[in-house]
Amino acid sequence: MRANVVHMTFREKVLLIVSRIPEGFTLSYKQVAEMAGSPRAYRVVGSIMKSNYDESIPCHRVVKSNGEIGQYNRGQARKRARLIAEGAIVK
């Protein structure tokens with residue numbers, strides 16, 4: 001069943017997009033915002049990711065546009081370790 005994105009909040013769209021990022025890949029906060037229909041809302045995407053504690057949403061796969069990994073609500077070291085383990089970044 002496909003989600004009806006027309007009736008979804010921005011937060012719901014962001015979480016849906018992030019939930020579909022495959023292991024070993026990343027998207028930037030800006031890319032997620034663009035995909036959710038609000039290209040300038042990349043800081044809001046960061047806030048949504050910061051408050052996400054649902055393990056089924058791989059918020060660690062959302063990184064900064066400049067290549068830095070950014071923050072993580074479980075600690076930046078853990079985010080880096082998870083991305084390395086998944087092959088999304090190199091040590």
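This is a predicted model: local features need pLDDT of at least 70, side-chain atom pairs count only at pLDDT 80 or more; totals for chains, interfaces and linings use all residues.
In helix H3, Val 45, Ile 48 and Met 49 are buried, where buried means under 20% relative accessible area, exposed over 50% and partly exposed in between, with a 1.4 Å probe and protein chains only. Seen down the axis of H3, these buried residues fall within an arc of 95°, so they line one face of the helix; the arc is that of the directions from the helix axis to the C-beta atoms. On the other side of H3, Arg 43 and Lys 50 are exposed. The buried residues of H3 pack against H1, H2 and E2, with contact meaning heavy atoms within 4.5 Å. These labels follow DSSP runs, numbered from the N terminus: helices are H or I runs of at least four residues, and strands are E runs of at least two.

Residues are numbered from 1 along each chain as its sequence is written, and side-chain values use heavy atoms, with hydrogens and water left out.

Let us turn to helix H1, residues 10-19. Which of its residues are buried? They are Val 14, Leu 15, Ile 17 and Val 18. Down the axis of H1, the buried residues fall within an arc of 160°, so they too line one face of their helix. They pack against strand E1 (27-28), helix H2 (29-35), H3 and strand E2 (62-63).

Of its 17 residues, Val 14, Val 18, Val 32, Val 45, Met 49 and Val 62 touch the most other members. H1, H2 and H3 are the elements that give two or more residues to this core, and the largest share, four residues, comes from H1.

Ser 28 itself lies in strand E1 and counts as buried, because its relative accessibility is 8%. Leaving aside neighbours within four places in sequence, Ser 28 is in contact with Val 62, Val 63, Lys 64 and Ser 65.

Next is helix H4, residues 76-86, where Lys 79, Leu 83 and Glu 86 are buried. They cover an arc of only 65° around the axis, which puts them on the same side of H4. The face turned away from that buried side carries the exposed residues Ala 77 and Ala 85.

Finally, the largest pocket holds about 300 Å³ of space. On a 1 Å grid over the protein atoms alone, a pocket is an open set of points where a 1.4 Å probe fits, with protein on both sides within 12 Å along at least five of seven lines, and lining residues have an atom within 4 Å of a point. Of the 15 lining residues, the closest to the centre are Tyr 29, Gly 46, Ser 47, Lys 50 and Gln 71. The largest share of the lining, six residues, comes from H3.

Note on methods. Grid points are joined across faces, edges and corners, and a volume is the space filled by probe spheres set on the points. A nonpolar core is a set of buried Ala, Val, Leu, Ile, Met, Phe, Trp, Tyr and Cys residues joined through side-chain atoms within 4.5 Å.
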